[in-house]
Amino acid sequence: MALSLKKHEMPEQDPSVRAHNFDEVALGYDEETAVAEAERCLHCKVPLCRKGCPVAIDIPAFIERIKNRDFDGAIDKIKESNGLPAICGRVCPQETQCEANCIVGKRGEPVAIGRLERFAADRAMAKGGKPAKIGPAKDAKRVAVIGSGPAGLSCAGDLAKKGYKVTIFEALHKAGGVLSYGIPEFRLPKDKVVQKEIDAIKDLGVDIELDSVAGRLFTVDELMEEEGFDAVFIGTGAGLPRFQNIPGENLNGVYSANEFLTRCNLMKAYDFPNHATPIKVGKKVAVVGGGNVAMDAARTALRLGAEEVSIVYRRSEAELPARAEEVGHAKEEGIRFQLLTNPVEVIGDENGWVKELRCIRMELGEPDASGRRRPVPIQGSEFTEPMDTVIIAIGTGPNPIIAHTTPGLETTKRGNIAADEETGRTSKEGVFAGGDIVTGAATVILAMGAGRKAAAAIDAYLKNK
């Protein structure tokens, strides 16, 4: 049979329907489609796809098992390297990682590795049943993990498998970090997927302490010196929003994307009044930025009832940092793209609420330090549009609370924790760090990779201590 050069399509909700609900957009492969897609894999002697995976999943092996309808074997193979497969199958940028290296992709479309991972994980969840709980030995060494996002969960899971007694300390009232507060329900269902993946980590013997703010309730030194932890991993992410510092950003109706998405996802504002958190979007919404978070905020605002939602981005479409899939979904749902445009002022009414957004047109000049062409304002091109809500989605930085309360912990000039890229070792004995708190805002899978590397390094450190 000739090799198909196209991926099997992912079934999805119709755009005109999904734009008005928070149900998951992508519906997943059925068994026959998954097997047919798995048959596209060439099982290369040198599987370059593995080199593109930050957690080093044995991709050809799990795909071979799907092809042979050994679905239990497929998820077992994935879970040797990845403790959050149903999450990664949904939100990983496979197109720039494993699939970017796929040999089939040199002639046509790469094998749909992410969709197959999701299929295996979803099938295992639907099947139900739990493995026997793993518990550490009574004399096991203790590791504290600060933050229950992707980095913390991966580090904790790997350490638990190695026999350590692990406690995760999470500042919020729900575990998951960005998986719970940042990524919308229509891309990553919370009860159906995120909570089940977290429960699987807990089944390994990991304890999770919620409402536990490191740097306030306790310090890193207190965890080690008073609570008796033998090592600490810091995976607190990058949750501090950045703003443009333009006039009017303090008006009512201006949100950081972080606050907007947290209110909707973690605090269930989309289900008001069944949940007590209200949110106001009005008729016209502008989202400033071009990354995945901007797409998430724009598509969320649409589902909350906005009549017109615009992405305002200072570069062209070619430079949009968001995944092509997310941009495509946003366009299908009717999100308007105002490209080569930059806000210069948010204008309010007499009551202090957003009334208008003033912008300037941009053109691309010479490349800057990032290698991308620098956006340059076009003099005299300012224009003003009526607006009810403005959401700023131009990136996030590290919360300084842990760095400020941990003497001897070195940070970078951007305020990130300085840590070795391969081991997560920090300047402080027994303290490791990884994920966005080290790298700045990046992807779920890169944070997971950092958590796994740190777990291996903590294991080596404690064995040699």
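These exercises walk through parts of the structure above.

This is a predicted model, in which local features need pLDDT of at least 70, side-chain atom pairs count only at pLDDT 80 or more, and totals for chains, interfaces and linings use all residues. Residues are numbered from 1 along each chain as its sequence is written, and side-chain values use heavy atoms, with hydrogens and water left out.

**Exercise 1. Compare the span of helix 8 with the expected value, then find what its buried residues pack against.**

Step 1. Count and span. Helix 8 covers residues 113-127, which is 15 residues. The expected span is 1.5 Å times one less than the number of residues. From first C-alpha to last, helix 8 reaches 21 Å, close to the 21 Å expected.

Step 2. Pick out buried residues. Among them are Ile-113, Leu-116, Phe-119 and Met-125.

Step 3. Find the partners. The buried residues of helix 8 pack against helices 2, 3, 4, 5, 6 and 11.

Step 4. Check what follows. Gly-128 comes after helix 8, with a positive phi near 75°.

**Exercise 2. Describe how helix 4 and helix 5 cross.**

Step 1. Read the geometry. The two axes come within 7 Å and cross at roughly 170°. Axes are lines fitted to C-alpha atoms, for helices over the stretch in contact; angles run from 0 to 180 degrees between N-to-C directions.

Step 2. Classify. Helix 4 is therefore roughly antiparallel to helix 5. The classes are roughly parallel under 35 degrees, roughly antiparallel over 145, roughly perpendicular from 65 to 115, and oblique for the rest.

Step 3. Name the contact residues. Helix 4 supplies Ala-61, Phe-62, Arg-65 and Ile-66. Helix 5 supplies Phe-71, Gly-73, Ala-74, Lys-77 and Ile-78.

**Exercise 3. Find the backbone features of Pro-273, Ala-56 and Asn-245.**

Step 1. Start with Pro-273. A cis peptide bond links Phe-272 to Pro-273, with omega about 10°. Pro-273 lies in the loop between helix 13 and strand 7.

Step 2. Turn to Ala-56. Its phi is positive, about 60°, although Ala-56 is not a glycine. Ala-56 lies in the loop between helix 3 and helix 4. A relative accessible area of 37% makes Ala-56 partly exposed.

Step 3. Finish with Asn-245. Phi is near 60°, again a positive value in a residue other than glycine. Asn-245 is in the loop between strand 5 and strand 6. Asn-245 counts as exposed because its relative accessibility is 71%.

Technical notes. Helices (H or I, at least four residues) and strands (E, at least two) are DSSP runs, numbered from the N terminus. Buried means under 20% relative accessible area, exposed over 50%, partly exposed in between (1.4 Å probe, protein chains only). Contact means heavy atoms within 4.5 Å.
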